[in-house]
Amino acid sequence: MSTPAGEPGIAARARWAVSDSRVLTERYLLQLVRVPTVLFFSLIQPVMFVLLFRYVFGGAIHIPGVGYAEYMLPGAIAQTAAFASFGTAIGLAYDLGRGLIDRVRSMPAARFAVLVGRLTSDTLRSLAVVIVLLGVGYAVGFRFDNGPGPALLMVLVAVVFGLAICTIAAFVGLALKDPEAVQSFGLVWLFPLTFVSGAFVPVQTMPGWLQAVARPNPVTLVVSTMRSLAYGGPIATHLWESLAWVVAILAVFGPLAVRAYRRAS
Amino acid sequence: MSTPPAAIAVEGLVKTFGSTRALDGVDLEVPPGSVLGLLGPNGSGKTTLVRVLTTLSLPDAGRARVLGHDVVAEPSAVRRRIGLAGQFSAVDDHLTGFENLDMAGRLCHLDRATAARRAQELLERFGLAEAAHRVAKGYSGGMRRRLDLAASLVARPEVLFLDEPTTGLDPRSRLDLWSVIRDLVRDGTTLLLTTQYLEEADQLGDVIVVLDRGQVIARGSAPALKGQVGGDVVTARLVDPADAERALAALGPIGVATPQYDEEEREVRVPVGSAGPGALLEAVRRLDQDEVALADIALRRPSLDDVFLALTGHVASDESTDAGKSRRRRRARARAKAQP
């Protein structure tokens, strides 16, 4: 198929798509630096969760064979990665409302650079938060027992899982369009998603009907994978199950987010 | 030599949202270097037309070309040569003025050095040099609009679209922005400007097109349009609505068109052409003679309402498409949130 006159070829488009996405990633990272209070509270909240679970609930929860600090930290990290998606959804809804997305779309910039830039910056932010949480974890008794390779893989699993949830959030933000509605909706799905799981307590302790929900929950599988990587357990099975979830989420919500972006105005 | 293509050429453009025909067969042509003032109330289709012309929205039927490029088939070519400043300042609050423009430049594919130089240039030109390195959150409404306009100019567009550029600005900022826009036009930029204010279309536009319910209902120069409307208007507000008949009869002979009575406002309006203050004096004399009690009487320039009344027989309705409504609501909310 020939390209109409004036339309750039595939190679040029790809090059610009990367460059445009980078410009927008920078933009979102700058926003983060400019509002240090947002950054501060987005770190305080998960740190507080780690401390609360470790010291308030930790004494009451006994996990055979492992200290609660080691047990709960992967859960707290996965939860934090999922909660970071608030920023994705609210940010996109806000950009849409303020006409910033229209502005970019009326420019020669690659159409989906906003989406890519947003998700890239959110992923980088997740990575930073995960590292901070690991530091706090070490202070309260968490240890990697499997060596640096699995430790790095654990961080990677958490970040990729976060990206998958952010993709869902990108769709939600662009579809709902209203920052306040987006915020309320985020609470509605993220709390059950992260708490009805093995993130903080063993699934076996829940009533049977709830176990049926908690067991296949991607958070449960991702956290199990992270635990296996951190201090031992069956790595392969959990890893494949988690990967399947992440791929499925991206395959469904990636195109949905793109479609919502295309239609949003 | 053939004549250069029109900067903007629109033929039979249709865009529907559900059952609403936001654009219902619009034809337009804007010669290069001229200014078209698109006048109409909310929901008349102005923004929808701008969105189609700036490749943000696909038309359902008809054709639109910008500088000879079809907006559907060659969107990239169109985007490279246009600038858009929408109804609300698309400015990133957390970035400085410089960063906003620099980023816009890079997204228009200027190289880094050029983008930075251009950003600096525009900040100086728009009187924002001193605020260049402050975050836009602290800018006033007028500064924000100027920054937004500057962002639409980074790539030196040949055709510029301004969607209600002065809505929400105080009178002084509005005058400032007008003068900036006049400078642009002097430099040869083709401009399509939407507005709800006849005065603005008159001040800035070479040609005014009036849009109502997605259709062009009038087009022409400002004086021609005003002639159609009947020039200045004498408005007389009555104390007692029962006097309406008598007031209409008394003012009939001084008008260039039939006087109208607005029940809601208890106001009799009569277009008096260019008769000016003389017509006002005559109106006062006649109403006094017929013992019509007045709450107020004034001579004023025709408003959008007068244009609509004259052209359509109904006042400018604020009925809009659902899409437009929800977009405005959303933006209004986003804007409210952005206020410190």
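Biologist: In this predicted model, how does helix 7 of chain A pass helix 10 of chain A, in a left-handed or a right-handed crossing?
Modeller: The two partners are helix 7, residues 148–176 of chain A, and helix 10, residues 218–231 of chain A. Their crossing is left-handed.

Biologist: Are helix 7 and helix 10 of chain A roughly parallel or roughly antiparallel?
Modeller: Their axes come within 8 Å and cross at roughly 165 degrees. Angles over 145 degrees count as roughly antiparallel. Helix 7 and helix 10 of chain A are therefore roughly antiparallel.

Biologist: How many nonpolar residues are in the contact of helix 7 with helix 10 of chain A?
Modeller: Helix 7 of chain A brings residues including Leu153(A), Met154(A) and Phe161(A). Helix 10 of chain A brings residues including Val222(A), Met226(A) and Leu229(A). By class, the contact has no charged residues and 1 polar residue. The nonpolar residues number 13.

Biologist: Are helix 4 and helix 8 of chain A roughly parallel or roughly antiparallel?
Modeller: Helix 4 covers residues 85–97 of chain A, and helix 8 covers residues 179–195. They pack at an angle of about 160 degrees, with axes 9 Å apart. The limit to pass is 145 degrees. Helix 4 and helix 8 of chain A are therefore roughly antiparallel.

Biologist: Is the crossing of helix 4 and helix 8 of chain A left-handed or right-handed?
Modeller: These are the helices that pack at about 160 degrees. Their crossing is right-handed.

Biologist: How many polar residues are in the contact of helix 4 with helix 8 of chain A?
Modeller: Among the contact residues are Phe86(A) and Ile90(A) of helix 4, and Val182(A) and Leu187(A) of helix 8. The contact has 9 nonpolar and no charged residues. The polar residues number 3.

Biologist: How much area do chain A and chain B bury between them?
Modeller: In this interface, 37 residues of chain A are in contact with 44 residues of chain B. Carbon and sulfur atoms carry 53% of the buried area. The area is about 3,700 Å².

Biologist: With which residue does Arg98(A) form a salt bridge?
Modeller: Arg98(A) lies in the loop between helix 4 and helix 5 of chain A. Its partner lies in the loop between strand 6 and helix 3 of chain B, so the pair joins two chains. The closest N and O atoms are 3.3 Å apart. The partner is Asp93(B).

Notes
Residues numbered from 1 in each chain as written. Chains lettered and ligands numbered in written order. Predicted model: local features only at pLDDT ≥ 70, side-chain atom pairs only at ≥ 80, totals over all residues. Heavy atoms only, no water. Axes fitted to C-alpha atoms, helices over the stretch in contact; angles between N-to-C directions. Helix = DSSP H or I, 4+ residues; strand = E, 2+ residues; numbered from the N terminus. Parallel < 35°, antiparallel > 145°, perpendicular 65-115°, else oblique. Left-handed = near helix turned anticlockwise from the far one by under 90°. Contact = heavy atoms within 4.5 Å. Nonpolar A, V, L, I, M, F, W, Y, C, P; charged D, E, K, R; others polar. Buried area = accessible area lost by both parts, 1.4 Å probe. Salt bridge = Lys/Arg side-chain N within 4 Å of Asp/Glu carboxyl O.
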